[in-house]
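Student: I have this one open in the viewer and would like to talk it through with you. Can we begin with the packing and then move on to the charged residues?

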Amino acid sequence: MSELKTQLETDMRAALKAKDKVTLGTLRMIITAIRNEEVAGKSKRELDDAEIVKVLVKQAKQRREAAEAFRAGGREESAENELAEEAVIKRYLPTELTEAEVTELVRAAIAEGGFSGPKDMGKVMKAIGPKTAGRADGKVVAGIVKAELAG
């Protein structure tokens, strides 16, 4: 079993004992999402930490988007609940990269691969993907890559 999954399950039991409803509910949802991902496809498999991080990123994004939708609908309390759940999920994600760090990684990937012009955007995104996975929003990365290639 992966370290991250073990940590999530341990923290879920601790939240149950501490009667921390937000953390408990969020961790239950995350663990369920991980288990669903493990049984998706042709055969059951155990997710590694990198795959679990992808699930966590997806879950955090869903919470953020739901909060925005609730705010737009005037349901502030529901939006706050979603943001509280996102905060719990972020505890298990690697620290996010700053915009400057992403720009530095993008410039290095462009120089390393000899990419130039907007036609190479997909190649740069593919090269930088593993370095930014779970650590930077894809839209931000794409915007920086586009700006650097247009440069």
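**Cores, domains and charged pairs**

Tutor: Let us start with the largest nonpolar core, which has 20 residues, and within which Leu-8 and Leu-56 have the most contacts. Please keep in mind throughout that this is a predicted model.

Student: OK, domains next. How is the protein divided, and how far apart are the C-alpha centres?

Tutor: The assignment gives domain 1 as 3-91 and domain 2 as 99-150, and the C-alpha centres of the two domains lie 28 Å apart.

Student: Now the charges. How many salt bridges does the structure hold?

Tutor: There are 15 salt bridges in the structure. One of them joins Lys-5 and Glu-38, whose closest N and O atoms are 2.9 Å apart. That pair links distant parts of the chain, with Lys-5 in helix α1 (residues 3-18) and Glu-38 in helix α2 (residues 21-39), 33 residues apart.

Student: Are Lys-5 and Glu-38 buried or exposed?

Tutor: Both Lys-5 and Glu-38 are buried.

Student: What about Arg-71 and Glu-76, what distance separates N and O there?

Tutor: The side chains of Arg-71 and Glu-76 form a salt bridge with an N to O distance of 2.8 Å. Arg-71 counts as partly exposed because its relative accessibility is 40%, and Glu-76 also counts as partly exposed because its relative accessibility is 38%.

Student: Which residues are linked in a network of salt bridges?

Tutor: Arg-64, Glu-86, Lys-90 and Glu-96 are linked in such a network. Within it, the closest N and O atoms of Glu-86 and Lys-90 are 3.7 Å apart.

Student: Where do Glu-86 and Lys-90 sit relative to each other in the helix?

Tutor: They are four residues apart in helix α4 (residues 76-90), so about one helical turn separates Glu-86 from Lys-90. As for burial, Glu-86 is buried, with a relative accessible area of 6%, whereas Lys-90 is partly exposed, at 38%.

Student: Last one: is Arg-63 buried or exposed, and what does Arg-63 touch?

Tutor: Arg-63, which lies in helix α3, counts as buried because its relative accessible area is 6%, which falls under the 20% cut-off. Not counting residues up to four places away in sequence, Arg-63 touches Met-29, Glu-82, Glu-85, Glu-86 and Ile-89.

Terms used
Residues numbered from 1 in each chain as written. Predicted model: local features only at pLDDT ≥ 70, side-chain atom pairs only at ≥ 80, totals over all residues. Heavy atoms only, no water. Salt bridge = Lys/Arg side-chain N within 4 Å of Asp/Glu carboxyl O. Helix = DSSP H or I, 4+ residues; strand = E, 2+ residues; numbered from the N terminus. Buried < 20%, exposed > 50% of the residue type's maximum accessible area, 1.4 Å probe, protein only. Domains from an automatic or database assignment. Core = buried A, V, L, I, M, F, W, Y, C linked by side-chain atoms within 4.5 Å. Contact = heavy atoms within 4.5 Å.
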